[in-house]
Amino acid sequence: MNWVGLAGFGLVILSAILMAGLVFLRRKSTPAFREIPAFARLRKAIGLAVEEGSRLHISLGRGGLTTPQSAAELAGLEMLRRLSELTAASDRPPVATSGDGAVTILSQDTLLSSGQAALSTGYGATAARLTGLTPFSYAAGALPVMHDENPSANVLMGNFGVEVALLTDAAERGNTSTLAGSDNLPAQAILYASVQDPLIGEELYAAGTYLKARPFHSASLTVQDILRWLIVIGILVGALLKLAGVL
Amino acid sequence: MAELRCPMCGKPNSDELKKCAFCGARLKPLLASSPDNRSPIHPGEEPVEQRTSEVKRGIAPFGEPESIQAGDVPTGENIADLEPALPSWLRDLRDQDSQTPPAQPEKPFADEGWPFPTGAESAPQPADAKLPDWLSGLEAGAKEEEEVPDWLASIRDKSPIQPGTPAEEEPIAPSEGTDWLGRLRQEEKEKPAPTAGGAPPFPPESTPTASALLEDLPDWSSDRKSEPAPDKPGPIQAAPDEAKPPEELPTWLAGLQGEPEKDTAVPPTGPKSAPSEELPDWLMKLQAESKTLTPEFPRIDVPFEESPDWLAKFETKAPPAPEEPAAPAFASPMESKSVEEPGKIMPDWLAEFEEGAAPAEVPSPAGLEEAALPAGESEANLLMETPDWLSMLKPEGGEKKAPAGAAEKPEIAPVELPSWVQALRPVEAVMAESKAPQEEEKEEAAIGGPLAGLSGVLPLSPGLGALRKPQAYSTNLQMTEGQQRHAASLERLVAAESEPRPLSGQTRLRSTNLLRWIIALVLILAVGLPLATGIQTVPGAVYPSELSTTRGLINGLRANPSVLMIFDYEPALSGELEAAASPVIEHLLLKSPRLAILSTSPTGPILADSFMKRITTPPEYVNLGYLAGGPAGVLGFAEDPPAAATYTLEGVPAWQTPTLQGIQALSDFAAVLVLTDNPDTGRTWIEQAGLYLNTAPMIMVISAQAEPMIRPYYDSGQIKGLVTGLAGGKAYEQANEQVFQGAGLTRRYWDAFSAGLFLAEVMILVGGLSGAIVAWRVRRSKAEEGA
Amino acid sequence: MKLKGLFSAVIAIATGLVMLVGYFVELPILVNLRITILNWVIILAAVALFLGLFNLLAVHTKKIRSKEKGGIYSLILIFSLLITLIIGLWLRPDHALMALIFKTIQLPVETSLMAMLAVTLTYASIRLLRRRNNLISVIFLVTALLILLGTVPLPFVGHVPILGDLIRPFIAQVLAAAGARGILIGVALGSLTTGLRVLFGADRPYGSDPSRGEK
């Protein structure tokens, strides 16, 4: 193992230790995080959806679980689980769309398990849908869901590319609120221009904490902050050393 | 069980009831308490005369009163034993009267038209009638003691006594001691009796006067007047009755009615004739009240200690009243009140004072005759007939006529409530207070009529009395100004809490299709015209820095190199990527490479195949098809390419073809050319496969959108060559002009691309500026409205 | 049902730990195990793609049966899918017919959608300041304009050196790259903690979560 690998392995171990320690140390206290307006509006949108008896549309993007974008897909799946639990009392369960087969299977399992936990009978095998295998075919397949299903809100969380502009444009045409977040930089730029409350950068991975603060979610955000500061310090120190000629 | 008819509703009720079960009116008039049952006299019925001996006495100091029922023969009793208990003044009277001859019995009130039946209606008793028991005792006692007073003797002479009266009854002999009665009569003449307000219950001509009262005396009183004077007058001695003309009245009674007394034999009793003690209160009251005789009959109190023995003898228990029909109805309402009990002497006008009296039984006229007193003793009888029970009589109607509120003093003085407490009182409480006077009025309504003196009775008129317009009550809450202000401020606070707070910062713009159509039209024209006309509007070329490096790498490849080409772009971006990659591949084809095509996208192999078939002289290539697994697949292919991609797209073992002969590892390739539009895909190939390339360079042709993420890898040396988007392709193509003649794909796209991009910039600039101006004006107007 | 969740969690956690440790620690047993698991993952990803295809068929079949809005398009989709599948299995993907279908149907459709993106993005850029009127939005628009101006020479004007050689490279290669790196570092950290939550069993996207009361 070279030093890069060793450093990476050490970083993983350190993160695991920090996360476990924070979980056990912060059992009784909830850390305070900054307010993200997107999640505040999402809570209101959820309430409106339940009251109106309408459904939510959760789109998980086109990424796969075997790609580096799997973390965004996992964050989207966690959001899907949480939203399905919150809207279990609604007349219509949420509908999930994705552009990957494995993600479609997982989203279907998530919806069914949440529906069974809530004793809801509205969750069927077609609650999760594979709308396309390519990004634009996936976006093209998701547009009818947004038009015909009349969702009260759209939640786009996952790995999206530039095709997310088609989804946000369709949401604007339908005058529905949209919460969107992607780990793709061009998609983030598009989301900033077309969505009221985009999730930029790491805010995508904070959804679980803001919707329902569980110990591991809160600890993971804290670990991210700690590691970020460590990286900042390392970059600064490395730059200084580079300037000094040491490196 | 006897039935009583209610005087108000006329419905039959049980005689055991005191109040009517239908209307709640009293069945029995309010008379002096008497344990005896007396049948009430109902309206329309004729009152039945009763003898005094048959009237039960009230409370007496000498034991339980005994009432003599109709038909019963009063038992004679020797009242000489009771002589010591007589008051002295009564003894004096008795002595004085014993010396005076018995006067003719007079019919009291005979000429006054007294509506009530009097003893005059009954047959006069013979003079030699047997004295009643209670009077006989008096006679015997009188012989032994002092003389009978004149007033008593006069009474004895005047009041007729029935011959059939019991021997025990002693006639009351009027004596000279009755001067005071004459005085009363005198005074009565001088002062006419005032009448009550309103219509009297009985006609004016029948106003009860002393004479009328005297006429009301039962027969026994008239019999006693006719009896001879006893030898020894007792306290009250009944003189033998003599036939007394109805016009003659006892002097004492005549004085009550205010007429000159013809018979002056009875000297007015005065203080000197009276015993050393004063006149009995009941007499004085009677004297006083006779002056003001009104329909409200005065209260006559007879002190117990002054009641004569003969009166006490009548305080005996009366046997239960036999079930006889009710007394005949009286001619006037007042008649219904004069309920008499058998064995109890009570004038009708005094009967109303008895409360809760049992339905009195009207004795038969025979009983009354038997109990008649001598005529001469009528006056004395009347005086003496005011029994103790009369002293106990209190006009309860008068008491109840007083306002209910005034009669009761509140134990707790009413506190003045503050205004806000008064305002909180319910409307019912306000109405109850306002209703109190009405109830008081109702309490006072029981005046006059047969139910005079009773309270809580229904009015005489049908319905609820006089109809009045109901009082209007305000439903508005009584509040002061300060309370109103406080209530208004509280209401505002509560309303403000319930008002939904508008969401801030959520402005949702309306989608305008017109703008979309305009943008689309402009862009179509901008792009279509140069393509259609072939006009070239963009002069010059741009040579990026990485262009030379990339060209150098390709120029440095040996002849017939094996090159791995990765087609990882989507069909949507095939136009840009193919335009950017065409000059690079054309430059590479100059080396006659052996190409291996691979893709991690499902559509990659087909895109690659279509791209290669557009080349005029395509080289030999092997299409390895789709590589599943993403980075894992790339890593697997990088580690062992034959194992990861065994067959070609046609199903032929790929690594045994001449194209890939001698290639077993990734490092065996001369170069790796990655065509991708996705920066993540590019990073994947760089990160996963870069370690396994060794000296083979990795060249990437990327879309313009992936440049920010991929350039650092170029800058760090992880990739050796980089061509970015249409601009890079244009520059590379321009660099190949020396080799490739004619305009390439990039050249054709470049002018359209430039025009379209320029017009998009213009629209963005203009639209942005207009949006900024509109937003600024909206913000300013909101600020002005807020100010 | 509880045992199923526990069994899934055990497999997921064990596999993740093997892959993680095997990537850093070069032990022969771990390397072999990791490669084997990778091969299984590749196969499963392909199978998942096939399962997704079945899901697509089920959704649109239900839409046709319930006669929902757009059911005719679902019928066309299913018909096209079956035709393409049959031809591909029968004639193989490299057949000219397959290429023809791809070039005449899929390629134009997707490129058209990409072209619509130009209109959509231009429209979104025009409405940006009305939707979000702040300094960041102004900077965003100015940056976008500068990049566009520096990317292609202006018509009839040509290349503007200050735009093409100075501003655009500085923005794209310095500012945008720095920002992109920072975002990518944050995304990487988020991916790291998300992966750790899966390894710890706190997140179970693969099935029911007993901690939530799910069976």
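These are my notebook entries on three chains of a predicted model.

**Ground rules.** Residues count from 1 along each chain as its sequence is written, and chains are lettered from A, with ligands numbered from 1, in the order in which they are written. Because this is a predicted model, local features need pLDDT of at least 70 and side-chain atom pairs count only at pLDDT 80 or more, while totals for chains, interfaces and linings use all residues.

**Chain B overall.** I looked up the secondary structure of chain B and found 29 helices and 11 strands (DSSP runs numbered from the N terminus: H or I of at least four residues for helices, E of at least two for strands). Of the 787 residues in chain B, 55% are buried (20 or more other C-beta atoms within 10 Å of the residue's own; 12 or fewer is exposed, in between is partly exposed; C-beta atoms are placed from the backbone). I also checked contacts (C-beta atoms, placed from the backbone, within 7 Å). Among those in chain B between residues at least 6 apart in sequence, 84% join residues at least 24 apart.

**Where C meets B.** Here 48 residues of chain C touch 51 of chain B. On the chain C side, α2 (28–65), α4 (96–131), α5 (135–151) and α6 (161–200) each supply at least two residues. I noted that α4(C) gives the most, with 20 residues. By class, this side of chain C has 30 nonpolar, 10 polar and 8 charged residues (nonpolar: Ala, Val, Leu, Ile, Met, Phe, Trp, Tyr, Cys and Pro; charged: Asp, Glu, Lys and Arg; polar: the others, Gly among them).

**A closer look at α5(C).** This helix has 17 residues and reaches 24 Å from first C-alpha to last, close to the 24 Å expected (1.5 Å times one less than its number of residues). Its buried residues include L141(C), A144(C) and L149(C). Their cover includes α28 (725–735) and α29 (745–786) of chain B, together with α4 and α6 of chain C.

**A helix pair in chain A.** I turned to α1 (residues 3–25) and α9 (residues 215–244) of chain A, which pack at about 135° with axes 8 Å apart (axes are lines fitted to C-alpha atoms over the stretch in contact; angles run from 0 to 180 degrees between N-to-C directions). α1(A) and α9(A) are therefore oblique to each other (under 35 degrees is roughly parallel, over 145 roughly antiparallel, 65 to 115 roughly perpendicular, the rest oblique). Among the residues that meet are L18(A) and L22(A) from α1(A), and F216(A) and I226(A) from α9(A). The contact divides into 10 nonpolar, 3 polar and no charged residues.

Definitions and conventions:
Two residues are in contact if their C-beta atoms, placed from the backbone, lie within 7 Å.
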